[in-house]
Amino acid sequence: QVQFVESGGGLVQPGGSLRLSCVASGFTFRAHAMTWYRQAPGNQREWVAAITAGGRSTKYADSVKDRFTISRDNATNTIYLQMTSLKPEDAAVYYCNSGWVNANFASWGRGTQVTVSS
């Protein structure tokens, strides 16, 4: 059974930083690219960042480029999203899934809420 457990969200002031984590299980994690997505109220889920199976290549949405960094630890089936210089428009529930752009699995975790407000 594929599962994703996201954590690390919270309330942060504009300009602040957060580090999100996602622990995956139920599939061969080290063989899959992984991706972060986010969904703000009233909006569709959007792709944020992706990392290849081996971790050597990454890509980012233009809106987060140079501010967010995706990484992974294949020993613990975990991916991370280091977020810096946070803006109010970054506020959303953040999710992870397998894939490079489109999610590979229909299962989603509960996500982790990021709120950016002064």
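This is a predicted model: local features need pLDDT of at least 70, side-chain atom pairs count only at pLDDT 80 or more; totals for chains, interfaces and linings use all residues.
Biologist: Which residues touch the most other members of the largest nonpolar core?
Modeller: Trp 36, Leu 81, Met 83 and Tyr 94 do, within a core of 28 residues. Such a core is a set of buried Ala, Val, Leu, Ile, Met, Phe, Trp, Tyr and Cys residues joined through side-chain atoms within 4.5 Å. Buried means under 20% relative accessible area, exposed means over 50%, and partly exposed lies in between (1.4 Å probe, protein chains only).

Biologist: Now the cysteines. How many disulfides does the count come to?
Modeller: Taking a disulfide as a pair of cysteine sulfur atoms within 2.5 Å, the count comes to one. It is formed by Cys 22 and Cys 96, with their sulfur atoms 1.7 Å apart. The link is right-handed, with 45° about the S-S bond.

Biologist: Where do Cys 22 and Cys 96 lie?
Modeller: Cys 22 is in strand S3 and Cys 96 in strand S9, so the pair ties together parts that are 74 residues apart in sequence. Cys 22 counts as buried at 0% relative accessibility, and Cys 96 counts as buried at 0% as well.

Biologist: Turning to aromatics, how many aromatic pairs does a search of the whole structure find?
Modeller: The search finds six. Rings of Phe, Tyr and Trp (its six-membered ring) pair if their centres lie within 6.5 Å; planes under 30 degrees apart count as stacked, over 60 as edge-to-face and the rest as tilted. In one of the pairs, the rings of Tyr 37 and Trp 108 have centres 5.2 Å apart and planes at 80°, so the arrangement is edge-to-face.

Biologist: Which parts of the chain does the pair of Tyr 37 and Trp 108 tie together?
Modeller: Tyr 37 belongs to strand S4 (residues 34–39) and Trp 108 to the loop between S9 (92–98) and S10 (112–116), so the parts joined are 71 residues apart in sequence. Tyr 37 is buried at 5% relative accessibility, whereas Trp 108 is partly exposed at 30%.

Biologist: And how are the rings of Tyr 95 and Trp 108 arranged?
Modeller: Their centres are 6.0 Å apart and their planes at 85°, so this pair is edge-to-face. Tyr 95 is in strand S9, 13 residues from Trp 108, and is buried with a relative accessible area of 11%.

Biologist: Which charged end sits over the ring of Tyr 95?
Modeller: That of Arg 45, 4.4 Å from the ring centre. The rule asks for NZ of Lys or CZ of Arg within 6 Å of the ring centre and within 35 degrees of the ring normal. The charged end of Arg 72 sits over the ring of Phe 29, 4.4 Å from its centre. Phe 29 is also in a cluster that ring pairs form with Phe 4, Phe 27 and Phe 105.

Biologist: Another arginine: is Arg 67 buried or exposed?
Modeller: Arg 67 is buried, with a relative accessible area of 10%, and is found in the loop between strand S6 (58–60) and S7. Its side chain makes a polar contact with the side chain of Asp 90 at 2.7 Å. A polar contact is a pair of N or O atoms within 3.5 Å; within protein, one must be able to donate a hydrogen and the other to accept it, and residues adjacent in sequence count only if both atoms are side-chain atoms.

Conventions:
Residues are numbered from 1 along each chain as its sequence is written. Side-chain values use heavy atoms; hydrogens and water are left out. Helices (H or I, at least four residues) and strands (E, at least two) are DSSP runs, numbered from the N terminus.
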